[in-house]
Amino acid sequence: MSGRAVPLSSRSALVLGVASVAGLMMLIWPLLVRQSSGGQAGPPFVFLALLPVVIVVVLAEVTEGGLDPRVLAVLGVLSAVNAVLRGLSPGTAGVELVFFLLILAGRVFGPGFGFVLGCTSLFASALLTGGVGPWLPYQMLVSAWVGMGAGLLPRRVTGRAEIAMLAAYGVVSAYLFGLLLNLSSWPFVLGIAVPGHTGLSFVPGDPLSENLHRFLAYTLITSTGSFDTGRAITNAVAIVVLGPAVLTTLRRASRRVVVTGIVEEPSSGHLGGPSVGSTDGRGGEATRSTPSSGLRGEAGSQV
């Protein structure tokens, strides 16, 4: 498989994990905090201010040492394409093309790249479509999880099995995306009225099980059968139809980002460093990555 364009060090992986837990807590905290019965859940202004900071810290840590210009170019192109795709498919009936490319890119370039692309894609598309608001940090974070999760899928799966796996992941991630974004707003939506259904609003002070039951019913009625299902179908169809061609294109791009070659072992009278494209004195083959710290590790991996 292709090498990671944004490799994760142990420290970066730890920061990413802690930030993901913190982001999840920012989504579910109303269900965990005990409040007086009959009170109201105040909007989490502190979390709204803290969440962008968490995202920035994670991006800085993941890209520590700077991105190689070629990796940055690929990231910029894919972010722009995703922004345009979101503008062309603004989520009507759940038809959103932004996620299938995010999943495929995360698969090819790895979880670090997928996380960064999820953030930049949603941010760029929000600027393009005028979708900037308090919901944007949550959208960026959950989309980053989608891209990161695609990069964490088993690497040994190839061919048709890989397409089937990615399509299944596209369906699951579509429902989880809708679920988590609903959770970010549902506790603060009062007086929810759905014909034939009552008691769907968040009730501060009620047991966790009761509020969770209300939330699942609210999600099932308002989004699971409509927007989320439309998003899941769009992801699956786009991955099955376009996935093989897009994966091939992205993997060609990844080979340009990761340098593979033959390294010459310097002789006793040669003071220069190793050169790509030569054989050593034993006829052995070796590889090296580009000098940039943005391309650490896995330089010799194959697609």
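N182 lies in helix α7. The model is predicted.

- The relative accessibility of N182 is 14%, and because the cut-off for buried is under 20%, N182 counts as buried.
- Apart from neighbours within four places in sequence, the residues in contact with N182 are F215, Y218, T219 and S223.

**α4 against α6**
- Two packed helices are described by the angle between their axes and by the distance between the axes.
- For α4 and α6 the angle is about 40°, and the axes lie 6 Å apart.
- An angle between 35 and 65 degrees falls in the oblique class, so α4 and α6 are oblique to each other.
- The crossing of α4 past α6 is right-handed.
- On the α4 side, the contact is made by F99, L102, I103, G106 and R107.
- On the α6 side, S143, V146, G147, A150 and G151 make the contact.
- By class, the residues of this contact are five nonpolar, four polar and one charged.

**Largest nonpolar core**
- The largest nonpolar core holds 55 residues, and L78 and F113 touch the most other members.
- Two or more residues of this core come from each of α1 (10-32), α3 (69-88), α4 (98-109), α5 (111-129), α6 (136-151), α7 (159-185) and α8 (208-257).

Definitions and conventions:
Residues numbered from 1 in each chain as written. Predicted model: local features only at pLDDT ≥ 70, side-chain atom pairs only at ≥ 80, totals over all residues. Heavy atoms only, no water. Core = buried A, V, L, I, M, F, W, Y, C linked by side-chain atoms within 4.5 Å. Buried < 20%, exposed > 50% of the residue type's maximum accessible area, 1.4 Å probe, protein only. Helix = DSSP H or I, 4+ residues; strand = E, 2+ residues; numbered from the N terminus. Axes fitted to C-alpha atoms, helices over the stretch in contact; angles between N-to-C directions. Parallel < 35°, antiparallel > 145°, perpendicular 65-115°, else oblique. Left-handed = near helix turned anticlockwise from the far one by under 90°. Contact = heavy atoms within 4.5 Å. Nonpolar A, V, L, I, M, F, W, Y, C, P; charged D, E, K, R; others polar.
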